Amino acid sequence: MDVILLLEQLLNGLQLGIMLFLIAAGLTLIFGVMGLINLAHGSLYMIGAFACAAVATWSGSFWLGLMASLTFAAAAGALIEVVIMRRLYHREHLDQVLATFALILICSEGTRWLFGSFPLYLDVPDIFYGAVNLFGVLQYSRYRLFIIVIGLFTALCIYLLINKTRIGMRIRAGAADRQMTAALGINISLLYTLVFALGAALAGFSGALVGSIQSVEVGMGEPVLILAFVVVVIGGIGSIRGALVGALLVGMVDTLGRGYLPQILQLLLDPVFANTLGAALSSIAIYLLMIVILVFKPKGLFPAHG
Amino acid sequence: MKKKLITSLLGAALCLTPHVGAAPVKVGMITTLSGGGSGLGVDVRDGFMLAVKTANRSDLEVIVEDDARKPALAVQIADKMIQKEKVDILTGIIWSNLAMAVVPSTVNQGVLYLSPNAGPSALAGQGCHKNYFNVAWQNDNLHEAMGNYANSADHKNSFILAPNYPAGKDALTGYKRLYKGNLAGEIYTKLGQKDYAAEIAQIRASGADSVYIFLPGGMGIAFMKQYSQAGMTTPIMGPAFSFDQGILKAVGKAALGVRNSSQWNKDIDNAANKVFVADFEAAYGRLPSLYASQGYDTANLILSAMDSADINDQDAFRAALKSAQFDSVRGDFRFGNNQHPIQDIYVREVVMEGDVLTNKIIGVGLKDHQDAYAANCSL
């Protein structure tokens, strides 16, 4: 029985990790290529979730909603890049942080104005409802398995796009030397708009996927933003590979910490105290992990720029 | 972001009932109208303003401001309302941590505070105050009712779960106060946590016969969806906060059949409640929640006190408030010595009415219930 639980918790850890990767990928992509700290990433996540919920409710199709999340978040991203971000590339990080923080407030209140203060309804499609039987002993949620598959597929797509295509080559060139790339006749402005829109689309897509098992409400993006930053910092800012490894590490540590820390502590301490301490420790476990990694690898596990 | 709404009813000429000589009453409402959790504040405000508009009195002025769920902002607004606007009564705060930041200094400055929601234990026992009235409940009450209900429903092995913060601990303490069975497990999760896969796996493995959760707002929505998506069927219980009208739509069919405790529901059979539910739907186009009912009751309590006392005679006004001579939408309502309600707490079940998810009362969890802290209050 306990082996089954452990197996399920490992699977949960993997799934949480993949979910975090989906959320963090867009953030690290934008930073890696453009050197831009985008605090509004959580807002794009929220926009994706709201677009999906609204379209899914209106049309009755979750899949149309998912398409809408990609489209709306990408459009919002492109708009933000052209109107605001473009003026900030040569400015300091502090200016970028201030501008994108303002965007968080604008997006939150704008969404509340459009959709009201109450959470929206978004549920997984019927074919993913319920659990499947794995290896004959383990009941596991179908939708969570679906997220694992989609997450790995997304990671593969980004890898192929950046490393195997012409546009990926240009993106890498732009990240290495913006002026030289522009001098070679590549429209760097358009390229940056594309990258920002792609990052935004990833955020919106993850918002829709995750929103359908969590909750779609104003302010859903901010806690997620913090988690995404933890993942990105652990993995190495700007590295997609780092984001994947960082996300899996965080997912495992968080899930196993929540599942087992109180029990392990109970072997050593008074049960009531162990429970309190375990709850406190497991909720800070990922931050402890981040500290430890930064002590030994100040630039994260896979630093993007040397 | 700040929203200011001033209702000054100048239609004095149309006012049919004259209130001879009574001074006008100025009420300041500080509540959460933006950001996360704003649905609760909006409901309290809408319920309150519905009663104010229905009364249509020229001698009542209400100022509403948004605290954005930030204690520091709430304190600032309270200072401004007390010192600059010279309000007689403050009300509106949703969250216990904001209430603890605002209420003690407010009541010590001689301003009355009527709570339409938060009921922290620190203000119910030794910390009670003659200027502080709670019109909703003491925080533990709904959980106590559910613990008591669990005994009668023959649940003997509950798994209990709440966020790791003061109200979460009060909740599980409240549940355990009257619950007689064993605990299959007790987990405190991180406040704001949205993924419960690890906890649900533990619940599945624990062999529990029932699950009690206190997960307000988005946390509850996330938990309920994931619980049902994982194919879990162990019955869930909770306080009304995770299964209220504003949230049910977002939870969807996963909430069907859940038992939850509340001091109010729209099907409570009394005249005041029928009028309230019909008027609220007509005015706002949605069903009222328990928060709206609390806002409505708070306004009607103030109005009832205005009928029998002058706000400038604070002793008389306090006595009028404490006598609670108004028709509460929840039926019988009176204040205990600590000026917290003594009331029935019902057990409700989430049902589908047409295509709308809502609650139906299926029994009484605790009859004429008073909070556990009243004895420590010297009032």
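Is A:Cys107 buried or exposed? A:Cys107 is buried, with a relative accessible area of 14%; buried means under 20%, exposed over 50% and partly exposed in between, with a 1.4 Å probe and protein chains only.

## Basis of the model

This is a predicted model, in which local features need pLDDT of at least 70, side-chain atom pairs count only at pLDDT 80 or more, and totals for chains, interfaces and linings use all residues. Residues are numbered from 1 along each chain as its sequence is written, chains are lettered from A and ligands numbered from 1 in the order in which they are written, and side-chain values use heavy atoms, with hydrogens and water left out.

## Cysteines of chain A

The cysteine sulfur closest to that of A:Cys107 belongs to A:Cys52, 18 Å away, which is too far for a bond. A disulfide is a pair of cysteine sulfur atoms within 2.5 Å. For A:Cys52, the closest cysteine sulfur is in turn that of A:Cys107. A:Cys52 is also buried, at a relative accessible area of 0%.

## The disulfide in chain B

Over all chains, the count is one disulfide. The bond joins B:Cys128 to B:Cys377, with an S to S distance of 2.0 Å. It links distant parts of the chain, 249 residues apart: B:Cys128 lies in the loop between strand E5 (112-115) and strand E6 (132-134), and B:Cys377 in the segment after strand E14 (356-369). Strands (E, at least two residues) and helices (H or I, at least four) are DSSP runs, numbered from the N terminus.

The link of B:Cys128 and B:Cys377 is right-handed, with 90° about the S-S bond. Both cysteines, B:Cys128 and B:Cys377, are buried.

## A:Leu202 in helix H8

Helix H8 of chain A (residues 188-211) contains A:Leu202. This leucine, A:Leu202, is buried, with 9% relative accessible area. Beyond its neighbours within four places in sequence, A:Leu202 is in contact with A:Leu22, A:Ala25, A:Gly26, A:Thr154 and A:Ile158, where contact means heavy atoms within 4.5 Å.

A:Ser69 is 133 residues from A:Leu202 along the chain, and their C-alpha atoms are separated by 9.3 Å.

## A nonpolar surface patch

A:Ile284, A:Leu288, A:Ile291, A:Val292, A:Val295 and A:Phe296 form a nonpolar patch on the surface, and together they have about 600 Å² of accessible area. Such areas come from the Shrake-Rupley method with a 1.4 Å probe, and for residues only the protein chains shown count as cover. Patches are made of residues with over 30% relative accessible area and no salt bridge; like charges are joined within 9 Å, and nonpolar side chains (Val, Leu, Ile, Met, Phe, Trp, Tyr) within 5 Å. A salt bridge is a side-chain nitrogen of Lys or Arg within 4 Å of a carboxyl oxygen of Asp or Glu.

A:Val295 sits in helix H11 (residues 271-296) of chain A. A:Val295 counts as exposed, at 58% relative accessibility.
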